[in-house]
Amino acid sequence: EAVPRTYLAAGSNNGLIEPKKLPNPVRESKTHQELHRELLFSHRRGLLPEHKPELQKVLETRRFKQLKQQQESQRPLTDLEEELRKRHRMLEQVLSLLSKATNWGEHLPQTRLFSAVRGRLGRGDSQ
C-alpha cells in the first residue's frame, strides 16, 4: 500500500510555491569562492595546516590589519601622544610661517623675521 511519491509531493505543499533560499552575498563573492576552492584543493592534496595557501595568508593579514586599525582608532590617546601631537602641530606652524616669511620677506633682516615668527606663536618676550 505504498503511495507513489508524486502524490505525496503534490499533496504536501497544497499547490503552494515553495520558497527559495536567499542568495548569500558573502558566498557569492569572488574572494570567498577562490578561498573555498583553494581550501578544498589543499584538503584533497593533504597539505599541512602550517603551510597555508598564499591567498589565505593574504586575507588573514588583511583582516588582522583592519582589526588593528579599528582598535587603534577606538582607543583614547595617552597624555604622551597628545603632547606629541601638540608639538607636531606647533612645529608645522613654525615651518609654514617660516616658509611664508621667506617667500614674501626675503629682504627682511633675520632678527625681524625671527621676532615676527615668535610673536605669531604667542611666546611673547625673550628671556
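Modeller: Let's go from the whole chain to single residues.

Modeller: Before that, some ground rules: this is a predicted model, where local features need pLDDT of at least 70 and side-chain atom pairs count only at pLDDT 80 or more, while totals for chains, interfaces and linings use all residues. Residues are numbered from 1 along each chain as its sequence is written, and side-chain values use heavy atoms, with hydrogens and water left out.

Colleague: Why is Gln 56 called buried?

Modeller: Buried means under 20% relative accessible area, exposed means over 50%, and partly exposed is in between, with a 1.4 Å probe and protein chains only. Gln 56 has 18%, so Gln 56 counts as buried. You'll find Gln 56 in helix 4, residues 54-74. Leaving out residues up to four places away in sequence, Gln 56 touches Leu 35 and Leu 39, where contact means heavy atoms within 4.5 Å.

Colleague: And why does Gln 33 get a label of its own, buried or partly exposed?

Modeller: Gln 33 has a relative accessible area of 32%, so the label is partly exposed. Gln 33 is in helix 3 and touches Arg 27 and Glu 28, again not counting residues up to four places away in sequence. Across the protein chain, buried residues make up 9% of the 127 residues.

Colleague: What makes Arg 75 and Glu 72 a salt bridge?

Modeller: The rule asks for a side-chain nitrogen of Lys or Arg within 4 Å of a carboxyl oxygen of Asp or Glu. For Arg 75 and Glu 72, the closest N and O atoms are 3.4 Å apart, so the pair meets the rule.

Colleague: Which side chains meet in a salt bridge at 3.5 Å?

Modeller: Those of Glu 83 and Arg 87. They sit four residues apart in helix 5, so about one helical turn separates them. Glu 83 is partly exposed at 37%, whereas Arg 87 is exposed at 57%.

Colleague: What makes Leu 91, Leu 95 and Leu 98 a nonpolar patch?

Modeller: Patch members have over 30% relative accessible area and no salt bridge; like charges are joined within 9 Å, and nonpolar side chains (Val, Leu, Ile, Met, Phe, Trp, Tyr) within 5 Å. Leu 91, Leu 95 and Leu 98 form such a patch on the surface, with about 260 Å² of accessible area together. Accessible areas come from the Shrake-Rupley method with a 1.4 Å probe, and for residues only the protein chains shown count as cover. Leu 95 is in helix 5, residues 79-104.

Terms used: Helices (H or I, at least four residues) and strands (E, at least two) are DSSP runs, numbered from the N terminus.
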